[in-house]
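Subject: Structure handover

Hello,

The structure is handed over below.

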Amino acid sequence: MAALLLIVSFCATVTWLARIYALRRNLMDHPGERRSHQVATPRGGGVAIVVSVLLAMAAGAVIWPPFSPSLGGFSLGLVLVAGIGWWDDHRPLSAFTRLAVHALAALLLASLVWHATADIAHSVLALLITLSLINIWNFMDGINGLAVTQACLVAAVFALILPAPFAFAALVVLAACVGFLPFNFPRAKIFLGDVGSGGLGYTLAGLLCLASVTTRTNWLVLLLPLTVFLVDAGLTLLLRIVTGEQWMQPHTQHLYQRWTKCGTSHAVVTCTYAVYTLFGITLALISREQPAGLAGGIAASWLLLSAVVWIFLRRRVGDQ
């Protein structure tokens with residue numbers, strides 16, 4: 001408990017320092033047609049979460065030497081994702097450059113899964129999920145608190161699913177997010193930036209992959225806590241591709257963005273997403289104790305229901 005409180009305090013301190021740095025370097029996100037905020041706000045505060053996690057991984061490697069190669073591989077991938085995000089926060093990069101680095105980091109994580117399982121299908125799935133979550137957390141980091149509260153909830157449920165001592169990794173992520181959250185919600189004093197959103201997506205993918213190799217929980221069940229982000233990001237992307245839009249360009253077409261554009265406060269939207277995720281978490285905790293077939297069926301049904309809810313809500317907010 002003392003270690004977790006130390007992580008919370010450390011992350012809060014680094015976030016405060018990151019805000020001072022961003023203000024001095026004029027690293028600001030300004031309001032615009034493709035943004036959901038109304039006031040110029042510093043960015044890049046997510047570096048505090050990344051640094052907190054990396055230091056915890058270093059400590060873990062010292063405390064549990066047998067795990068040091070895996071912790072080192074994960075940390076290297078996190079440095080790659082966060083590093084390219086930090087660079088992009090300072091000097092915007094091409095989408096291809098970012099994607100190439102993300103793919104390399106995802107390949108590193110997938111190689112750890114391969115080393116643990118020697119299962120090629122499992123490793124390819126880890127690669128695809130990691131690459132997806134890095135970018136999904138970036139896409140969904142558009143209003144106050146949304147990406148961080150979702151990360152808190154996902155980390156919390158993995159802390160319950162993972163066996164000891166692996167659960168401590170999820171608690172580290174949770175503690176780091178808690179240290180950052182007051183600076184980002186309900187009123188944002190600083191944003192995660194690409195360094196933080198990409199880093200969080202990669203970190204959560206790491207927890208998911210860890211759960212997939214240390215437990216017998218169905219993959220679909222492990223995705224249940226991520227449902228609201230997977231559905232909003234996935235269906236929005238699909239819709240943009242189908243309608244011929246420039247899908248790699250910034251936009252405000254996600255459900256959460258359209259909802260806030262209609263006048264709903266960031267706090268209400270963020271809390272609504274959190275409540276929906278709590279239902280998904282409850283189903284995940286119940287389903288993991290069920291036979292594989294039943295668990296997969298429950299998870300698939302929830303994902304399908306979530307897609308229907310998304311379509312209904314998006315049409316409603318689109319009509320307002």
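Buried here means under 20% relative accessible area, exposed means over 50%, and partly exposed lies in between, with a 1.4 Å probe and protein chains only. At 3% relative accessibility, His 254 therefore counts as buried.

This is a predicted model, in which local features need pLDDT of at least 70 and side-chain atom pairs count only at pLDDT 80 or more, while totals for chains, interfaces and linings use all residues. Residues are numbered from 1 along each chain as its sequence is written, and side-chain values use heavy atoms, with hydrogens and water left out.

Single residues

Helices (H or I, at least four residues) and strands (E, at least two) are DSSP runs, numbered from the N terminus. His 254 sits in the loop between α10 and α11 (255-261). Contact means heavy atoms within 4.5 Å. Apart from neighbours within four places in sequence, His 254 is in contact with Phe 139, Met 140, Asp 232, Ala 233 and Thr 236.

His 102 belongs to helix α4 (residues 95-117). His 102 is buried, at a relative accessible area of 8%. With neighbours within four places in sequence set aside, the contacts of His 102 are Val 81, Ile 84, Leu 131, Ile 134 and Asn 135. Between the C-alpha atoms of His 102 and Gly 196 there are 14 Å, and the two residues are 94 residues apart along the chain.

Val 148 is part of helix α6 (residues 146-161). Its relative accessibility is 0%, so Val 148 counts as buried. Not counting residues up to four places away in sequence, Val 148 touches Cys 177, Phe 180, Leu 181, Asn 184 and Leu 192. Val 228 is 80 residues from Val 148 along the chain, and their C-alpha atoms are separated by 14 Å.

Helix pairs

Two packed helices are described by the angle between their axes and the distance between the axes. Axes are lines fitted to C-alpha atoms, for helices over the stretch in contact, and angles run from 0 to 180 degrees between N-to-C directions.

For helix α1 (residues 2-25) and helix α2 (residues 47-63), the axes come within 8 Å and cross at roughly 140°. On the α1 side the contact is made by Ile 7, Phe 10, Cys 11, Val 14, Thr 15 and Ala 18, and on the α2 side by Val 47, Ala 48, Ile 49, Val 51, Ser 52 and Leu 55. These residues divide into 10 nonpolar, 2 polar and no charged. Here Ala, Val, Leu, Ile, Met, Phe, Trp, Tyr, Cys and Pro count as nonpolar, Asp, Glu, Lys and Arg as charged, and the others, Gly among them, as polar.

Helix α10 (residues 227-242) and helix α12 (residues 266-287) have axes that come within 8 Å and cross at roughly 120°. The two are therefore oblique to each other; angles under 35 degrees count as roughly parallel, over 145 as roughly antiparallel, 65 to 115 as roughly perpendicular and the rest as oblique. Val 228, Phe 229 and Asp 232 in α10 meet Tyr 273, Tyr 276 and Thr 277 in α12. The residues of this contact are 4 nonpolar, 1 polar and 1 charged.

Cysteines

A disulfide is a pair of cysteine sulfur atoms within 2.5 Å, and by this rule the count comes to 0 disulfides. For Cys 262, the closest cysteine sulfur is in Cys 271, at 18 Å, too far for a bond. Cys 262 is partly exposed, at 32% relative accessible area.

Regards
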